[in-house]
Amino acid sequence: MAWRGCVMKWAKTEFIRSTNTTSRSSRLSPHNQQRCGFRREAKRSETKKGNVTQETKASPSEAGTPGPPPPPPKVPRPTLFKPLMFTVGFTGCSFGAAAILQYETLKSKVQSAKEEEEKLLEGSEDMAYWHDWWNQLSGFQRQAILLMSLVDDFWGSLTEGQRTVTGIIAVNAVVLCCWRIPLMQRGMIKYFTSNPASKTKCLPMILSSFSHYSIIHMVSNMYVLWTFSSGIVSLLGKEQFLAVYMSAGVISTMISYMCKTATGRLYPSLGASGAVMAVLAAVCAKVPEAKLGIIFLPMVTFTAGNALKALIAIDAAGLLLGWRLFDHAAHLGGALFGIWYVAYGHKLIWRKREPLVKLWHDMRSVGGSRGGPGVGGAGSGPR
């Protein structure tokens, strides 16, 4: 900076000297020509600056005059062909896997029942053996066995539906904890939030159904799922319920994709609300006269049918008015899928699983192995 100051001071001094010399004498020496050349360069620079100033003043946007706003950049609408194909394929695979799982569950139950019957025929073990075995255990081992028996008693007191959704609640809790790990934030945003504008569209459609960032959000969804778990599992069965829940999560996300793409509001979403709404809507549509209540207002009761109508009306209003507190499109998609399934989907999908189960049974029977138990056919009822 000191070197630059000396150069500027020298340039100003030369400029003053050249001005005085020009006014005193009209003769031009090579030295004077050099200094006049410096003077001419200064004039050129000033002229250029004057031109720039005039051009700047002529510009209406920089002179204070409001010009036309620049057009917003056009964002291309995302294509939804791959998410649509993923939705169809995942739904079909879910119900196919549920039919095979039901076959394997029935087969294992029949085999375990036969083994228990054989043990009863052979006679029970000597009680003295178990008494000696208990006496050989340490105090800590006995306490651990007693604790395990208490846990087993509690697990046995739960309904089949509550035992089924316990695994879903555990998965949601693990994902909630993963959101609190800073190193996993980028991966969680990429795979556990659904956004039609993202490069990864298909896998988040199912993973986001198990993802919650807020504890209150997760607790409210899991409480509703726990409340209606007994009714939906008794209505559909464990395997069919899992297929409906997983498919509802993907289908509700697909409906959300379509609405976001149509309106141009491309923002991410997450949560199990779409799948939970399908469960709630299925139970309320199947048993509309059931009485429901609010946990904080036990004196207020209403029928399941009226509750379902109110929820659909709220989500429809939120979708039309552009509310962004919840993903109302996903809520509506899940609710409509639940209503459609208990009305028509069960007959169209689940009752036609017999060819797939027979194919699986034939594949298992290859090699001369003993075939499994018979599985209910097309008219065997909801389960």
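This is a predicted model: local features need pLDDT of at least 70, side-chain atom pairs count only at pLDDT 80 or more; totals for chains, interfaces and linings use all residues.

**Exercise 1. Find which helices each supply at least two residues of the lining of the second largest pocket.**

Step 1. Residues are numbered from 1 along each chain as its sequence is written, and side-chain values use heavy atoms, with hydrogens and water left out.

Step 2. The largest share, four residues, comes from α10.

Step 3. In total, 22 residues line this second largest pocket, and His 217, Ser 269, Leu 270, Gly 271 and Asp 327 lie nearest its centre. A pocket is, on a 1 Å grid over the protein atoms alone, an open set of points where a 1.4 Å probe fits, with protein on both sides within 12 Å along at least five of seven lines; lining residues have an atom within 4 Å of a point.

Step 4. Sorted by class, the lining of the second largest pocket has six nonpolar, 14 polar and two charged residues. Here Ala, Val, Leu, Ile, Met, Phe, Trp, Tyr, Cys and Pro count as nonpolar, Asp, Glu, Lys and Arg as charged, and the others, Gly among them, as polar.

**Exercise 2. Describe the lining of the largest pocket and find which element gives the most to it.**

Step 1. Two or more residues come from each of α9, α11, β1, α12 and α13.

Step 2. The top contributor is α9, with 10 residues. By class, the lining of the largest pocket holds 21 nonpolar, 10 polar and one charged residues.

**Exercise 3. Work out why α11 is largely enclosed by the rest of the structure.**

Step 1. Check the length: at 1.5 Å times one less than the number of residues, the 14 residues of α11 (residues 273-286) should span 20 Å, and the end C-alpha atoms are 20 Å apart, which agrees.

Step 2. Because 12 of its 14 residues are buried, α11 is largely enclosed. Buried means under 20% relative accessible area, exposed over 50%, and partly exposed in between (1.4 Å probe, protein chains only).

Step 3. Leu 280 and Cys 284 are among the buried residues of α11. Their cover includes α9, α10, β1, α12 and α13, where contact means heavy atoms within 4.5 Å.

**Exercise 4. Locate the three salt bridges.**

Step 1. Look for a side-chain nitrogen of Lys or Arg within 4 Å of a carboxyl oxygen of Asp or Glu. Arg 364 pairs with Glu 104, their closest N and O atoms being 2.3 Å apart. Arg 364 lies in α14 and Glu 104 in α3, so this pair ties together parts 260 residues apart in sequence.

Step 2. Asp 327 pairs with Lys 260 at 3.9 Å. Asp 327 sits in the loop between α12 and α13 and Lys 260 in α10, 67 residues apart. Both Asp 327 and Lys 260 are buried.

Step 3. Glu 354 pairs with Lys 358 at 3.4 Å. Being four residues apart in α14, Glu 354 and Lys 358 are separated by about one helical turn.
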